[in-house]
Amino acid sequence: MSSVRSILNQQKAINGIGYSPKLVEDGIWGPKTNTGIRWAQSKIGVKVDGLWGTDTETAYQAYLKRSNTSTGITIPSGTPVLRKGHTGTRVRQLQRALIKSGEKLPKYQDDGSFGTETQNALKSFQRKAGITVDGAYGPKSAAALRKRVK
C-alpha cells in the first residue's frame with residue numbers, strides 16, 4: 001500500500017529494477033506485490049517494511065539516478081525498461097548512445113522507434129558487455145553503456 005505511488009506504479013517500478021519473476025501489473029495489492037516491495041526496499045537500501053512510503057520513494061528515485069543518468073537516458077519512476085515496441089525521446093537517446101558505443105543501426109539510425117534493428121544492436125552490445133542478452137534496456141544495460149560511452 002502507499003500514499004506516494006499507486007499500486008500499479010509500484011508494480012511497474014519493482015519490475016523496472018529487475019524483480020523476477022515479474023509482477024503482474026494489474027494495480028491489485030496482494031502477497032506477491034508485498035513480497036516485491038520488500039525485495040525492492042532491500043535492493044535500494046531502505047527499511048524493509050512492505051510499505052511504499054516517502055522513504056522508499058526517495059531511495060527509489062536515488063537508485064534510478066545512480067543507475068541510469070550518465071548516458072542521458074533515464075528510466076523515470078514507474079516506467080518499465082525500454083524494449084521492442086517503445087517509441088520516443090528515450091529510445092532515440094538509447095539509439096544514439098548505442099551508435100556512440102560502436103554499435104550499428106544501419107537501417108534507421110536514431111528514429112526513436114525501438115524495433116528489430118535497435119533490439120539487435122542492444123543485444124550485440126549486451127553480448128560484448130558480458131551481461132544478460134535479452135534485448136531490453138534496463139539498469140544493467142544502462143550501467144554497462146555508461147562505462148562504454150563517456
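Here are some questions and answers about a few helices and a loop in this structure.

User: Before we start, what kind of model is this?

Analyst: Residues are numbered from 1 along each chain as its sequence is written, and side-chain values use heavy atoms, with hydrogens and water left out. Local features need pLDDT of at least 70, side-chain atom pairs count only at pLDDT 80 or more, and totals for chains, interfaces and linings use all residues, since what you have here is a predicted model.

User: Which residues of H4 are buried?

Analyst: Buried means under 20% relative accessible area, exposed means over 50%, and partly exposed is in between (1.4 Å probe, protein chains only). In H4, the buried ones are Val91, Leu94, Gln95, Ala97 and Leu98.

User: Why can we say that they line one face of the helix?

Analyst: Look down the axis of H4 and take the directions from the helix axis to the C-beta atoms. The buried residues line one face because they fall within an arc of 165°.

User: What do the buried residues of H4 pack against?

Analyst: Contact means heavy atoms within 4.5 Å. On the other side of H4, Thr89 and Lys100 are exposed. The buried residues pack against H5 and H6.

User: Is Lys100 buried or exposed, and what is its relative accessible area?

Analyst: Lys100 sits in helix H4. Its C-alpha atom is separated by 6.6 Å from that of Val149, 49 residues apart along the chain. Lys100 is exposed, and its relative accessible area is 59%.

User: What about Gln93: what is its relative accessible area?

Analyst: Gln93 is in helix H4 too. C-alpha to C-alpha, Gln93 and Asp110 are 7.8 Å apart in space, though 17 residues apart in sequence. Gln93 is partly exposed, with a relative accessible area of 28%.

User: Which residues does a cis peptide bond join?

Analyst: Most peptide bonds are trans. Pro21 is in the loop between helix H1 (7-16) and helix H2 (31-44). With omega at about 0°, the cis bond joins Ser20 and Pro21.

How values were computed
Helix = DSSP H or I, 4+ residues; strand = E, 2+ residues; numbered from the N terminus.
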